[in-house]
Amino acid sequence: MPQGSVVAMTTTTETPISDTSAAASVSGAVKVYGKGNTSVRALDGVDLVLPRGGFTAVMGPSGSGKSTLMHCMAGLDTLTEGSAQIGGERLETLKDAALTKLRRRKVGFIFQAFNLIQTLTGRENIELPLRLDGEKPDAKWFHEVVSRLGIEDRLDHTPTELSGGQIQRVAVARALVSRPDVIFADEPTGNLDTTSGAEVLALMRAAVDEYGQTIVMVTHDPNSASVADRVLFLFDGRIVDSIEEPTADAVFERMRSLSTVRTEGVS
Amino acid sequence: MFRVAVKGVLARKLRLILTSIAVVLGVGFVSGAFFLTDSMRQSFDNLFTQAVEGIDVQVQTKEYKEIIERQATSGTAVVSLDLARVGMPEEAVTRVRDLPGVQRASGSIFESGVLILDKDGEPIGTGGAPSFGANWIPEAADIGALRISEGDAPKQGEVLLDATTIKNGKYEVGDDVTVLFQGGRKTEEFEISGVVKFGDANNLNGAAITVFDTKQLQGLLDMGDRYTALEVQADEGVTQTTLKRTVAQTLGTEYDVITGAESAAEQSEAIDRGFLNILQNVILGFAAVAVFVGAFTIFNTFTILVGQRTREFGLLRAIGASRRQVLSIVVLEAVLTGIVASTLGLLAGYGIAGLLRGMINSFLDGGIPSDPFPLTQRTVLVSYAVGVIVTLIASLLPAWRAARLSPLEALRANPAHAGRGWKSPVAGSILLLIGGALVIWGFNPGDDASTQTVLGLIGGGFAIAIVGIALLSRLFIVPITRVLSTGLARGTTGELATRNVLRNRARSATTASALMIGLALASLVLVFQASLGATVDRQIDDILGADITVYNSTALQTGVGVVEDEAVEQMREVDGVDQVAGQRYGGAAIGDEFDPGGDVESIVAFDEGALETDGLVELEMDTGSSEPGDGILIDTDLARDEKLGVGDEIELAFSTDMTRSLEVMGVYEPNEIVGSQLITSIATFDELQPENVRAASGVFLSVDEGVKPTTVVERIRDELGRDANFLEILDTEALRNTFNDQLAPILGLVLGMLSLSLVIALFGIGNTMALNVFERTREIGLLRAVGGTRGQLRRIIRVEAVLVALFGAIVGVIVGVGAGRALIGALEDEGFVFAMDPITLLLVLLGGFLAGLLASVLPARRAARTDVLAAIATE
């Protein structure tokens, strides 16, 4: 599936965080939930740089910390230790209002469900982040995005009148239209049937290839992960492995071996 | 199922409390009404029990008692009291004194209309309470209710004043004081010989009391050697009933003989049937509004809560719960909520009763004493019944909806979507028609309908119509909200708020309805006030040709207040006065028998010239002459009812036992300034009426051209000197203000009582908004994730609440003005004119705006604090 794009990738700490070629990055990321005996180390020293124009998939068993990593990188949650940046801006120095504005301008989101505001039409949902900023979308770019995603004729419909696949495509359009530094996708195809899921993934792939968009996707599904340029494997809050230019089978094998490690670790 | 219901209630404590507030306040209003009136009843009972201390049997003439009772029930004094004729004769007192078993028999006098002037010559106010004169009974000095707390018993030329009057008049024992009798017909100087208390109280529940030497008081009240009552004390060992029998046998059927205990009970009952009953019903009426508003709020909350739990019910159904069981869970929850809320409401009632007492005291100078509020069985029962039944009724429809769904439908349900389609507007129209028909029926009830039936029809009809309007209002919520939002809800946040209002129109409309009811009533009251003002203006401008009106300001306290003929003559001489005419006012019965307890009409007479064209009172004649001459003028209503016309004779009987047939000289259109259906000449009037009404009850004056009425008012004051102190001398502007001043406190009280339903509505909006925020947690999380700031989230909720509240306020004002228009239309025959004051109505809208703003504070904060991660987490 990889279209042969150049992938610069590293998991070492040598890459400086101020590297402006990176769309987003974290270094020494630690996230601890709770206190004392009951505390959980959801992230345990993660270093990650997302190069511009790259499509990264994050995999791992439940509780491995992949959602936490995404939330902390996207400015939805704050790190206990370490630092995160998006488009050159250090997140840990920002207060809530500034973080919110950063999400508005530099981040796009695609969630598994509840992606759209029920009362707004497709068009209004797509324009929402820009409108919240008091901006208007660039008409040409808007048209380009919606026609590429094939939802031109669904723009005046509300989410209740859209199919699951159409809803996710509207969500992709919303994420693209503000030209963010990075798009975070959390199980974007988790609620879709196989055909619709494949279509949405292909469109995300196209966004990377044709528009140079940076995308991070958290997923359970090896087939989905194989669309990415590389797959990172998270286990117990650490990046334990990665595959470049993955195939579904390779991803599947790696996941199985991770599960085995875990089972053995428990016993 | 009981356990499930209890757990359901406990799991939603906060929402339960929010829901309950509506019930708590409504029930609190109901119990508060009872607390307050029970407390007042108790203090009156104490007073009346004290009043009969040392009195085992009390005797009055039947005639006197009838007149007094009639005055108490009708509130007016069209029947004048000739005490020399109807009082208790000395001879009867002597006869009773010699009876066996009688220890003491004393003639007592207790009459209203004795006014004390302060040192500046102004009457000392009693805040609307009467001002009594009583005789000093030396033999009862140590046993009766009247006790001298300072100084000595009054001799000729001396009086005892009650402690409150002494204080208010800044008098001391030994000072001289001027006392007014019969509305100023007599004035006397007295020396204050001491201070009197009524039992332990400083005065008689707000009423003033002045005690005189018996002979002197009899002379001043023109009652010969009579009294108003005979009080008898029994020998030891003789019971009240035995003594009553003995006295009754001796005196015969002309006299009303009762025991002391019966007397106290009778007075208690009289005040119960009269003033207290009215007060209680008025407060309960407002309480009903509050409960009604509360029911809307509860209905809305239960609908939302049940909607949110549809999946839970689906699960229960899937694992084998029957429809009945699901229904019973919701109903049980409602009952539990009702019980908890009623308990809190009962407690809140104490506070609300205190609040009501404060409002009545400050608006109406009520002088309600700060006695404790007694908790009676009735208050407890009614409070729980109201709280539980209202909650139950409000929850039935949502419960039925929840139970109706099949398990799978319920599991799949999306709580945010609940369209009701065409059914609601149709049902709304039907309810509106039914309600409207009931109200119209209430206004034209037929002859044998009781007041309760009428009030029930109007109140019930209004309630049904309001529910109809609430259902219909959702038809207009889209256009009205759209118009409002172009002004108030700009930008993306405004658009989101607008969409939120419109996403569930039924919910928004019901939420708004709670506010709509209170504001509709407030608007109705304001329209009524404006119309009343306009009506008074019209009367003053169109019917009253006079520039200055004079009447006796003590009329309220004395029953009869007059302006003496001499004073009228003095006014005639004042520089700048053109015409002067007095109006006499008395009572007459149609037919050949005057029964003070029966139907008594008012009858008036004007000084010459008053009724002529361009005269002081503009009488519009239907037929005949405007001069009564030796005959009489009647109005068109009476002419129709009695089938009389010009040239016919009408037979009238008077309190002087005279009867007279008078020829109808003319028929006039009903006239509010005349205020009576019968007009005779002064000569006829004076011939037939008792001496004490043979003087002007009001005087109309016009001024010479080019002279300012205010200047003339000052001149009249100077001319009359001290006599002007108890006369109201008003130019048209001041007269207008007097009407408004009388109305303002009542309006204030009404609006004050309505404000409690507004508070309930405010909680209703807040509650719905809080539930909306809860329901939309995910959406709020999504908005935050894609870049909505906390401030923007707050703004969305705030604008949404304001839009809902303003919608309610607009519908409320429209409904209120519409109802006011209909009401004034129904009263057009009585001379009412419709008017409204746009400014006050705008203030009502502003009130709605502020209510929305206030209601949104907590929900908006909660929305802003939504945890983004928790909100967007999948499942």
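## Basis of the model

The model is predicted; local features need pLDDT of at least 70, side-chain atom pairs count only at pLDDT 80 or more, and totals for chains, interfaces and linings use all residues. Residues are numbered from 1 along each chain as its sequence is written, while chains are lettered from A and ligands numbered from 1 in the order in which they are written.

## Chain A overall

Chain A contains eight helices and 10 strands. Helices (H or I, at least four residues) and strands (E, at least two) are DSSP runs, numbered from the N terminus. Of its 267 residues, 47% count as buried. A residue is buried if 20 or more other C-beta atoms lie within 10 Å of its own, exposed if 12 or fewer, and partly exposed in between, with C-beta atoms placed from the backbone.

Among contacts in chain A with a separation of 6 or more, 69% link residues 24 or more positions apart. A contact requires C-beta atoms, placed from the backbone, within 7 Å.

## The six-stranded sheet

An open sheet of chain A has six strands in the order β6-β7-β8-β3-β9-β10, with mixed pairing. Two strands pair if DSSP finds at least two bridges between them. The edges are β6 (107-110) and β10 (238-244) of chain A, each pairing on one side only. From one strand to the next, the twist averages 20°.

Within chain A, β7 (residues 182-186) and β8 (residues 215-218) run parallel and are joined by four bridges. A:Ile183 has A:Ile215 in β8(A) as its bridge partner. Helix α6 (residues 194-211) of chain A lies across β3 (55-59), β7 and β8 of chain A, at about 155° to β8(A). Such angles run from 0 to 180 degrees between N-to-C directions, with axes fitted as lines to C-alpha atoms, for helices over the stretch in contact.

## Strands β1, β4 and β5 of chain A

Strand β1 (residues 22-33) of chain A runs antiparallel to β4(A), with five bridges between them. A:Ser25 stands opposite A:Gln85 in β4(A), and A:Gln85 stands opposite A:Arg90 in β5(A). β4(A) and β5(A) are also antiparallel, joined by two bridges. Their hairpin has two residues between the strands, and A:Gly87 takes a positive phi near 50° there.

## Contact between the chains

Between the chains, 23 residues of chain A are in contact with 22 residues of chain B. On the chain A side, α2 (96-106) and α3 (122-132) are the elements that give two or more residues. The largest share, six residues, comes from α2(A). By class, this side has 11 nonpolar, five polar and seven charged residues. Ala, Val, Leu, Ile, Met, Phe, Trp, Tyr, Cys and Pro count as nonpolar, Asp, Glu, Lys and Arg as charged, and the others, Gly among them, as polar.

Buried residues in α2(A) include A:Leu99, A:Leu102 and A:Arg103. Their cover includes α3 of chain A and α25 (777-785) of chain B.

The largest nonpolar core has 325 residues; among the members touching the most others are A:Ala173 and B:Ile765. Helix α2 (residues 13-51) of chain B gives the largest share, 18 residues. Such a core is a set of buried Ala, Val, Leu, Ile, Met, Phe, Trp, Tyr and Cys residues joined through C-beta atoms within 7 Å.

B:Asp222 has a positive phi near 55° and lies in the loop between α7 (214-220) and β11 (229-234) of chain B. B:Lys643 also has a positive phi, near 55°. B:Lys643 counts as exposed because it has 7 C-beta neighbours inside 10 Å.

Key:
Contact = placed C-beta atoms within 7 Å.
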